[in-house]
Amino acid sequence: MARIVITGAKGQLGRSLMDAASRFSVHELYGYDIDQLDITDTQVLHQMAKETGATVLINCAAYTAVDQAEQEEEKAMAINRDAVTGLVEVCSQLKINLIHISTDYVFDGEAKTPYREEDRPNPLSVYGASKWAGERVALSYRKGVVVRTSWLYTVTGNNFISAILRLGVEKEELRVVTDQISTPTYGPHLAQALLTMVEQIEASKTPDSLMGLYHFANRGFCSRFKFAKKIKEYSGFKADIKPISSLDYPTPAQRPTWSVLDTNKIKTTFGIVPNDWEDGLQDYFNQLNNN
């Protein structure tokens, strides 16, 4: 039986993991967020991991304020890089498997085809650089797994969909960029994939062979503009959606224009086949309406 510790348990993915785990009766889950656990405190981390008897730690905790990170580089690095060093130290001492979550923002968007795990990152922002630094720390651990994802959203928390839904009611017109392209990923789909990975790693006679870097995102891709149009179709708000370029909407942090992730490796290794991104959006609105 896997005993799974989840850091960042009140965030979008953390909540999705806690919800999804109820369908995996063989697992025991322990969720911690910033009000219960400071992941930058290695001593507290060690005590928590030892007390729970954790066999797996899934790190969903992160500094995710992409624009604010341009002025808070030290804080972003402390959480997204340095805290991962502490997690690796604790996991190594207690022989715990580590799964660390990362982002498509480690890439510069210059590719013309989906990014594979072996493609070299070149982040454009402090946030992207801090996440790439954390990846390298996690992958230095022989029992470490890094899973990159893109454009994550759930029915809880602040994300692109919640912003579009709010502004679609408040405003008569929304201006959304057409030149940022990636894959919207529904949090519960990623949570299901992560728990499937845990099951297979825990059951494997050679778990170290399954460690390493993987991409998971829903299948297909779209622009932010197309994504917003689809959100309007499902919700029915009245605001018009107008296409603009990123040059028309400057932000402190530069985003990659293309950050689609190739997910063949996770399919080949774990048999995990992502749902289409539009299926994820349908599931989102089904859950939203049920709530």
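In this predicted model, helices α3 and α4 are roughly parallel to each other, a term applied to angles under 35 degrees, because their axes cross at roughly 10 degrees. The axes come within 9 Å; they are lines fitted to C-alpha atoms, for helices over the stretch in contact, and angles run from 0 to 180 degrees between N-to-C directions. Helices (H or I, at least four residues) and strands (E, at least two) are DSSP runs, numbered from the N terminus. In the contact (heavy atoms within 4.5 Å), residues of α3 including Met 77, Val 84 and Val 88 meet residues of α4, among them Tyr 127, Ala 133 and Val 137. The residues of this contact comprise 10 nonpolar, 4 polar and 3 charged; Ala, Val, Leu, Ile, Met, Phe, Trp, Tyr, Cys and Pro count as nonpolar, Asp, Glu, Lys and Arg as charged, and the others, Gly among them, as polar.

An open sheet is formed by 6 strands with parallel pairing, in the order β2-β1-β3-β4-β5-β10; two strands pair if DSSP finds at least two bridges between them. Because β2 (28-32) and β10 (212-215) each have a single partner strand, one side of each lacks a neighbour in the sheet. Strands β4 (residues 97-103) and β5 (residues 144-149) are joined in the parallel sense over 6 bridges. Helix α4 (residues 126-139) packs on the sheet, touching β4, β5 and β10, whereas α3 (residues 73-94) lies across β3 (56-59) and β4.

Residues are numbered from 1 along each chain as its sequence is written. Local features need pLDDT of at least 70, side-chain atom pairs count only at pLDDT 80 or more, totals for chains, interfaces and linings use all residues, and side-chain values use heavy atoms, with hydrogens and water left out.

Definitions and conventions
Parallel < 35°, antiparallel > 145°, perpendicular 65-115°, else oblique.
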